[in-house]
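User: I would like to learn how to read strand pairing and helix packing in a model. Can you take me through one?

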Amino acid sequence: MVEQAQTAVAEADLVLFVTDARAGVTPGDEELAALLRAARKPVLLLANKIDDSSHEADAYEFHRLGLGDPIPVSALHGHGTGDLLDAIVARLPGSAREAVGEEAIKVAILGRPNVGKSSLLNAILGQERVIVSETPGTTRDAIDTIFRRGDRTFVLVDTAGLRRKRRQRQGIEYYSELRALQAAERADVALTLVDASEGVVDQDLTVADVARKAHCATIAVVNKWDIAEVGLDDVRARLESRLRQRPPVLAVSAKTGRGIEKLLDRIESVFDRTASRISTGALNRFLGELRAEREPPGRGRRRLNLLYGTQVQARPPRFRLVVNDPSLVTRDYSYWVENRLRERFELEGVPVDIDFVRRS
Ligand code: GDP
């Protein structure tokens, strides 16, 4: 039972510790209370089976568990459950984040060790930036950093490990791939860092793939530009040939601060494209051009016919293209449509989903 409780507590944001007020404090309660005090998680202590308000005094003895004021409830009759719900909502990390608003741009900083993630974070947060707050993220131990720039709000996702001093970070690679994926999954835009003193290496491509899997818009940030050993065009060519999402490539130096403002401008514009909607008219004019530009694939005497389309979702964009027969769509053709769509509507770096569906 203790083992099970420990596992559950480790995964939880908030613990509801339910006791039986009629039975009083039991040795089992004391054991669990000790475990919870050590876990340092927010706990609500519930004194259950108080079916009648005249028995509320039965709850008092649970004070001695050292977990705050017991909340009298009756699971059977529902007494106290409304107040309990309010108490739960007030303690959940999400409620702190709601204050940020949907329009905030969520950004994850990704990259292999020593590429300069922590330095970039500090450069972004440097000097004049107003840090509004640091709020718990949904992942355990994750802290997000929120700041404003002009009229925009940015949320840097899962920054606690990056803000720690370098000395304290040594030995552990803070950003495991799983952790990076979790951060990216909460972000709109992922910055995938490349070290300009070393050029693009395979691990950088793996990192970019983490962003793609998480459906993040991506910007390739070539850091340490002050000691660059490579040209930006080389980096661009290398990434373009390997990354389907075609991320924009920007050079910065976290050390000198060069390129940081431009990077923030670019994050805003990529986010705006990710959240944008293409009108059905514009999309269908574009599909007409595609039909004229390249003969669609066929099988035997049947040929794919691209009939019409709409954007069905934004942030990130998703399109539904209606065709005569989806089984005629080849991988090559769908890549081509995707990339033409990117070029035409400035969706470089933006994840794009296209569903080819049969005309009903
Ligand atoms: P992280 O492991 O990705 O967080 O990388 P750090 O931010 O800890 O940086 C790793 C090393 O690269 C440190 O010694 C930094 O001082 C150095 N570094 C980071 N950014 C730059 C930069 O723009 N220029 C130069 N010359 N060095 C940098």
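Analyst: Start with pairing. Two strands pair if DSSP finds at least two bridges between them. This is a predicted model. Here, six bridges join strand E1 (residues 15-20) to E2, and the two run parallel.

User: Which residue of E2 is the bridge partner of Val-18?

Analyst: Leu-46 in E2 is the partner of Val-18.

User: Is strand E2 buried or exposed?

Analyst: Buried means under 20% relative accessible area. Six of the six residues of E2 (residues 43-48) are buried, so the strand is largely enclosed by the rest of the structure. Take the faces in turn. Val-43, Leu-45 and Ala-47 are buried on one side. Leu-44, Leu-46 and Asn-48 are buried on the other. For the protein as a whole, 46% of the 360 residues count as buried.

User: Now the helices. How do I describe a packed pair?

Analyst: Two packed helices are described by the angle between their axes and the distance between the axes. Take H12 (residues 280-293) and H13 (residues 331-344). Their axes come within 11 Å and cross at roughly 130 degrees. That makes H12 oblique to H13. The crossing is right-handed.

User: Which residues of H12 and H13 meet?

Analyst: From H12, they are Leu-283, Phe-286, Glu-289, Leu-290 and Glu-293. From H13, they are Trp-336, Val-337, Arg-340, Leu-341 and Arg-344. By class, this contact has six nonpolar, no polar and four charged residues.

User: How many helices and strands are there in the protein?

Analyst: The protein has 13 helices and 15 strands. Among contacts between residues at least 6 apart in sequence, 70% join residues at least 24 apart.

How values were computed: Residues numbered from 1 in each chain as written. Predicted model: local features only at pLDDT ≥ 70, side-chain atom pairs only at ≥ 80, totals over all residues. Heavy atoms only, no water. Axes fitted to C-alpha atoms, helices over the stretch in contact; angles between N-to-C directions. Helix = DSSP H or I, 4+ residues; strand = E, 2+ residues; numbered from the N terminus. Parallel < 35°, antiparallel > 145°, perpendicular 65-115°, else oblique. Left-handed = near helix turned anticlockwise from the far one by under 90°. Contact = heavy atoms within 4.5 Å. Nonpolar A, V, L, I, M, F, W, Y, C, P; charged D, E, K, R; others polar. Buried < 20%, exposed > 50% of the residue type's maximum accessible area, 1.4 Å probe, protein only.
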